[in-house]
Amino acid sequence: MIPTTIDLVGITDIIQEDPLVSSVICENNTLEALPISSQYNSFVKSPTGIIEKLTGHRSYRVDLTKPIQDGKSWQLPIAIAHIFQKNNILSFSKEKQLLKNMSDQVIWASGTINAKLDIKKINYVDQKIQHSIEFFNSCIKSKVFINLVMSIENKEDLNNTLEKYQFLKNAVNENKIKVILIKNLYDLFDHLNLKNFLKKNIKTRHVLKKRKFFLSIVAIVFIVALVALMISSIWTKTSPLISLNEKKKYSILLTTLKTYRYGDLTERVVAYIYDYIQTIQSDEINKQMKLNFISYSEIELNKKQCANNSNFIDSVCNLNLEIINTGKGPVFIWALKMSNYNSKNNINNKTIKKSDIVNGMIQGNEAFLIDLQNSQEPIKLFLVYSKVFDIKIIDWLKNVDRENSLLETTIKRLKSLGYGFTISEIKNVKLIQELI
Amino acid sequence: MEIKDSISNTFLALNYISLSQNYSSSITQAKLNFKRVWEVFLNPIKYQDKINEMLKDKVFAKAYFMILQNEGCIYQPKLRAASNDKVFFRSSSEFKIEIVKSNKNKNVYYIIINLINDTKLPLLNLYVICDNISESKKLPKFNNKRAQMIIKDNDNFFDLITNPNTEIFIR
């Protein structure tokens with residue numbers, strides 16, 4: 001039953017029409033479509049409507065006992081009627097007989113429905129009940145059970161109305177009228193123990209939910225597999241590098257790294273990660289080592305002048321380099337004193353001159369002192385630190401000392417192997433001061 | 001209607017008379033009131049209930065459809081198909097008409113009209129004319145360039161609209 005603000009309307013027929021036809025609502029088999037037909041058509045047709053989704057058909061003709069001119073509260077009863085009709089349990093009204101003799105219960109419903117099948121509040125509850133009183137009376141007399149269905153949002157309106165009609169209140173108390181206030185259309189079918197009527201849709205939702213669950217598991221498995229594959233691939237490429245490093249086969253290691261840097265994505269990633277780890281290690285040792293340049297003089301006259309330890313030291317002072325290991329473990333150190341004479345001048349002499357390399361080990365929290373003898377030439381100090389002793393470092397430093405152009409390559413090599421290093425330059429500068 | 005409009009319409013009606021070469025003196029003797037035709041054309045809602053009765057007058061109908069054509073309407077000519085069968089689908093550059101049988105009642109049909117283009121013309125009636133027999137039906141409101149009517153097959157309008165020799169006007 002569809003209550004309106006004027007009277008109570010029954011459904012006399014629901015027919016599936018050709019899908020080409022727009023759904024229509026007519027009054028008692030007339031040829032005139034009611035004004036709500038276009039709204040009904042939208043209510044039926046997917047994607048705007050819900051009836052097509054619920055019943056699987058997109059065009060209907062519905063006939064009513066009396067016309068409905070306006071409003072949307074017909075949506076709930078019409079939707080219920082469509083679902084009941086699909087399941088062949090709908091008993092239609094006749095033009096002048098709302099209640100059929102064979103009916104044992106009726107559904108009086110009013111509400112609007114959204115796409116999620118949520119039932120929304122409607123207005124004029126009082127008027128709709130008022131115009132249905134006669135029908136309720138005849139139902140109770142005929143022992144026909146009444147299901148009064150509305151949105152839960154209309155609870156207060158309905159309670160206020162029931163307060164006005166004592167016989168209705170009594171009928172509710174005596175279980176002659178069942179008030180069903182629902183949030184969603186599915187709730188109604190739960191209340192009526194007709195869950196199967198919306199089973200297909202629930203199933204679909206359930207299947208979708210299950211599928212969603214299944215799909216998310218598949219996605220997770222896929223991502224995990226992909227990550228595992230990537231890790232495996234990266235490990236396959238990384239393990240030879242680690243092995244080469246451990247075996248100190250540096251030239252092959254450096255060549256492999258160079259190939260990786262211009263290789264495929266995995267190789268590039270491996271090279272990047274390897275470089276990054278070695279840079280961290282290199283930075284760590286660098287931070288651990290502190291350098292102090294200490295100037296001094298044995299000549300009494302210059303002692304005071306040389307006591308000032310700053311970046312500017314008088315040329316008459318001697319210079320010591322204090323290297324402090326601030327870490328806990330021992331660090332091996334190689335110090336190459338490169339002179340301008342070695343690096344720039346006299347190419348013929350470079351094979352003759354012996355490299356000035358100092359090598360040693362500094363225990364944790366201890367210092368190492370190198371005497372940088374006073375020289376009139378600028379000095380470049382190349383210091384290399386490592387937590388393990390590497391005999392090849394001396395050769396590399398010697399090569400740098402002989403051929404200054406190898407400096408850049410040697411730095412790259414040291415970085416790749418995770419060794420720390422510093423390069424300091426001590427310049428001899430003539431300062432001209434304007435005294436007057 | 002204001003006096004100036006009435007005068008203007010009278011002149012327009014006279015203009016139609018002078019323009020029309022199809023009307024012989026014998027037709028004018030059939031007491032054609034062109035002013036009346038023009039009045040009906042201008043006030044379709046007012047004459048909604050009477051138009052079918054008026055269209056029974058063949059002279060009136062001919063003049064009325066001539067005005068419709070001249071003043072603008074959506075039109076579909078006779079079909080070229082050499083068929084005497086009923087036609088349930090017609091299409092032109094302006095609109096399509098589809099006639100679909102109802103599942104509810106076998107003698108009930110849906111007339112579905114789909115306009116091809118947007119139009120600014122007020123579309124109130126569907127007119128059919130075949131062999132000097134014409135009828136009209138009030139059109140429901142177009143929604144998305146689509147209108148749908150329900151008709152019974154024993155209606156003369158149904159015979160006309162399914163006749164391939166029928167011309168169709170929408171205005």
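Two strands are taken as paired if DSSP finds at least two bridges between them, and strands themselves are DSSP runs (E, at least two residues), just as helices are runs of H or I with at least four residues, numbered from the N terminus. The model is predicted, so local features need pLDDT of at least 70 and side-chain atom pairs count only at pLDDT 80 or more, while totals for chains, interfaces and linings use all residues. Residues are numbered from 1 along each chain as its sequence is written, and chains are lettered from A and ligands numbered from 1 in the order in which they are written.

Chain A holds an open sheet of 3 strands in the order β11-β12-β15, with antiparallel pairing. Strands β11 (289-296) and β15 (366-372) of chain A stand at the edges with a single partner strand each, so one side of each has no neighbour in the sheet. On average, neighbouring strands of this sheet are turned by 20 degrees against each other, direction ignored (axes are lines fitted to C-alpha atoms). Strand β11(A) is joined by 8 bridges to the antiparallel β12 (residues 318-325) of chain A. Across from A:Ile294 stands A:Asn320 in β12(A).

Turning to chain B, helix α3 (residues 34-42) has as its buried residues B:Phe34, B:Val37, B:Trp38 and B:Val40 (buried: 20 or more other C-beta atoms within 10 Å of the residue's own, C-beta atoms being placed from the backbone). These buried residues line one face of α3(B), because they fall within an arc of 160 degrees when seen down the helix axis; the arc is that of the directions from the axis to the C-beta atoms.

The contact between the chains takes 12 residues from chain A and 14 residues from chain B, with contact meaning C-beta atoms within 7 Å. On the side of chain A that touches chain B, strand β3 (residues 11-16) of chain A gives the most, with 3 residues.

Note on methods:
Axes fitted to C-alpha atoms, helices over the stretch in contact; angles between N-to-C directions. Buried ≥ 20, exposed ≤ 12 C-beta atoms within 10 Å, placed from the backbone. Contact = placed C-beta atoms within 7 Å.
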